[in-house]
Amino acid sequence: MTQLVAVAGEPVYLPCDIATQDEDDAVLLVLWYREDLGTPIYSVDARERDFGVAERWSDESVFASRAYFLPERRPAELGVDRVRASDQGIYRCRVDFKQAQTRNSRVNLTVIVPPSKMVIIDDKGDVKQAIVGPYIEGDTFTLKCDVSGGRPRPWVKWFRDDVEVDTPAVPLAGGGVRGVLHVGPLTRADVRAAFTCRASNHLRAHPIETTLTLDMNFPPLSVHILGSNQPLSASRRYDLLCQSSGSRPPASITWWKNGHRINNAKETLSSDGNTTTSTVSLQLTKSDAGAKLACRASNPQMPSVAALEDDWLLDIQYVPETTVRLGTNLDPKNIKEGSDVYFDCIIKAHPYVYKVEWRHNGKSLVHNVGHGIIITNQSLVLQGVGRKTAGNYTCVGFNAEGDGESKPFTLNVLYAPTCRSSQQRVHGVAKQERAHITCHVDANPADVSFRWTFNNTANSNEVSDGYVSRSGTSSTVSYTPRTEMDYGTLLCWAHNRIGKQRVPCVYHIIAAGRPDQVHNCTVVNASLTSFGVRCSEGFNGGLPQSFLLEVREIITQEIIANVSSAVPRFTAVGLEPGKTYAAAVLAYNAKGRGDPYPLRASTLRPPEKHHVHDKSLDLPRTAFQISGAMSAAVGGGGVLMVVLVLFMVAVRQKCAKRKPRSAPPPSSQPASPDKLREKDDSESDDRNPDIIPSDTDHMQIDYFRQQQVSTISPPPGNRAPRGSVAGVRGSIPGYCPLRTVPPAHPQMHDTTNAPSSIPPPARFASGACTLPRGAGACGTSGAGIPLQHLRTLPRPLPAPAPAPRHTPRDTPL
């Protein structure tokens with residue numbers, strides 16, 4: 001038999017071994033009985049179903065919904081929540097197996113019922129709950145603690161300030177018990193003593209207890225003036241507090257100064273009635289220094305006991321009064337940079353200062369000979385003063401009353417002009433454009449005059465005063481470059497009565513233009529719906545530049561994202577997962593836009609979904625099994641099919657590369673020589689193994705093709721032998737740069753079969769485009785080619801002796 005002990009209100013678990021000896025055996029039925037009841041009180045029936053889904057039943061008159069069976073434990077257990085006193089008894093578990101004999105096990109459950117009620121009474125029979133008393137010194141009293149309820153009978157103990165006291169116990173009728181405590185004779189040490197009666201009947205049962213605090217009538221135990229023996233400031237009003245505690249009933253407090261009573265005091269009582277606080281409002285002067293201020297506390301119910309008194313000798317003090325004085329041999333109006341300066345701090349204080357501190361513009365100064373700061377007693381020496389040394393100086397005296405800071409003494413340091421930092425040093429100016437270059441200097445005194453000169457590679461000239469204006473410590477020159485020789489360097493000098501500027505302010509005048517193309521662009525931080533682009537910026541063209549990122553659909557060229565930034569760092573958001581976009585980064589300033597840098601960027605693909613196999617859905621295995629030879633045959637056939645499909649795809653792609661993208665409609669007329677030449681060149685490029693395509697050039701050329709950049713022929717004589725594509729560093733073989741202009745003679749082209757003219761995107765237009773290299777490609781002086789996609793442009797016939805082609809494999813359009 002298993003012995004179990006449970007505390008009422010807690011859960012209990014009754015063991016029942018349902019383990020089988022044979023793997024083919026199984027549990028059919030589990031029944032729980034209580035010996036005083038003839039019928040089962042709980043059952044688990046698995047006779048017609050699997051044991052995991054067996055039918056469970058609980059007697060509503062015994063456990064009801066409080067019982068539940070836990071077969072997964074070893075041994076299995078019957079759990080019962082919130083066990084009751086009536087649940088105590090002997091329980092039997094009967095287990096019926098499919099093959100083995102029935103198994104029975106017994107459990108003896110003992111339920112501990114904690115005590116339920118505690119009452120404390122004094123000698124007079126009064127029930128005490130929190131306070132006992134009041135008593136006076138020498139009194140004795142008895143406390144009785146009656147405890148009822150509980151099974152088994154509880155024990156009762158008394159504790160004084162958490163220390164156990166010998167407690168005689170007396171049994172009471174009805175299963176109760178009484179604990180008696182004798183206290184006395186009382187002394188002052190017993191005030192606010194805590195007496196606790198504690199009862200319990202088992203180590204696992206939570207004890208019940210009641211604590212009483214002893215209250216006594218005594219004369220005041222203490223009286224003191226709060227914040228006494230501290231200096232008081234003259235001419236200030238103070239609310240002084242005096243507190244007295246330990247008096248029963250509350251003490252009476254009076255104030256006295258040099259034997260004369262002060263009558264404007266007010267008294268307040270604490271919530272527990274043990275502390276009395278008296279407040280008096282006083283405004284003292286320096287003449288009250290050394291006076292005796294007293295606070296007296298007495299118990300009105302005990303007039304024979306002398307009053308307690310706390311006195312305070314007043315110390316009337318004030319904040320130090322300080323003054324900064326410059327050295328007698330120094331002129332405050334003529335202190336130049338590099339000279340030595342010293343100050344004295346004149347102090348009046350009571351009590352005298354224990355520390356003197358020097359401050360410069362509100363910041364404390366520290367003795368540092370290396371930096372020219374020397375502090376000795378109440379003097380400050382500054383060696384080799386400069387413009388940073390100028391400012392407001394104060395001295396602060398510290399005493400017990402506080403700190404007193406002097407009025408600021410302003411040290412004015414005179415120095416020659418110097419060029420102010422953080423100025424724009426490079427100015428981009430176009431020809432015939434008027435620029436205003438401002439020179440800022442720092443100088444003291446601020447009455448300065450300026451001189452400007454212009455230097456270039458040829459000579460150096462003074463700038464006429466008619467082009468120069470002055471405002472304070474700044475001078476502005478109006479400058480208009482008219483020729484290439486007007487670009488150079490402007491130098492600005494200033495001087496005042498202290499001296500001349502040693503190093504001039506230098507401003508570079510350069511020809512302003514559009515910014516250069518960005519470079520080294522990379523795609524970073526790609527996610528499902530965003531990616532970032534980082535580039536290195538190029539020359540700004542002499543003007544402040546900004547940057548722009550445009551993200552477009554590759555097919556439709558629809559703008560998906562448009563991001564601008566002061567630096568070439570972008571993040572495009574709100575994109576579709578797993579998709580590739582055409583992006584372009586360009587710089588722009590007041591003169592226009594630089595060439596765009598095209599690139600491709602892709603977002604991440606979403607993770608694939610994996611289906612978890614459910615074993616419960618497995619079908620029964622059939623008798624048919626695949627042999628090893630059959631498996632090899634099936635596998636080999638699958639590999640052959642995959643190879644065949646890959647071969648067909650490769651052949652199809654190779655044929656597709658040799659075919660033009662769009663076949664013209666059937667016509668009875670023969671194809672033009674240009675069309676035939678274009679096809680031959682394309683096929684020859686594909687068959688030429690010596691041509692190695694450039695990935696970067698191919699990507700950028702494709703970008704401009706997708707942007708549908710229009711082209712025209714350049715004027716005669718301006719053809720470059722080798723061209724470049726906008727946004728591509730270096731040259732692309734077989735292309736020449738052309739400006740984008742509207743078509744001059746659209747009637748010269750057949751519009752029946754060619755696609756309609758599409759204007760270039762406004763934001764990506766860079767003023768550069770390409771045509772295939774060939775005879776007359778860049779030297780045509782006649783009508784221009786209409787605006788159309790590069791892929792539709794016919795390839796011109798080559799010259800009789802053309803140079804070897806080095807065009808990338810995918811260049812033919």
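In the hairpin of β47 and β48, six residues lie between the strands, and asparagine 525 takes a positive phi near 55°. This is a predicted model, in which local features need pLDDT of at least 70 and side-chain atom pairs count only at pLDDT 80 or more, while totals for chains, interfaces and linings use all residues. Residues are numbered from 1 along each chain as its sequence is written, and side-chain values use heavy atoms, with hydrogens and water left out.

**Strands**
- Strand β47 (residues 519-524) pairs with strand β48 (residues 531-536) in the antiparallel sense over four bridges, where pairing requires that DSSP finds at least two bridges between two strands, and a strand is a DSSP run of E with at least two residues, numbered from the N terminus.
- Within this pair, valine 523 stands opposite valine 533 in β48.
- Strand β48 is also joined by four bridges to strand β51 (residues 569-572), again antiparallel, and here arginine 534 stands opposite arginine 569 in β51.

**Charges over rings**
- Lysine 355 lies over the face of phenylalanine 398, at 4.4 Å from the ring centre, a placement that counts if NZ of Lys or CZ of Arg is within 6 Å of the ring centre and within 35 degrees of the ring normal.
- Arginine 593 lies over the face of tyrosine 588, at 5.8 Å from the ring centre.

**Helix α1**
- Phenylalanine 647 has its place in helix α1 (residues 628-658), a helix being a DSSP run of H or I with at least four residues.
- Phenylalanine 647 counts as exposed because its relative accessibility is 55%, and exposed means over 50% relative accessible area, with a 1.4 Å probe and protein chains only.

Definitions and conventions
Buried < 20%, exposed > 50% of the residue type's maximum accessible area, 1.4 Å probe, protein only.
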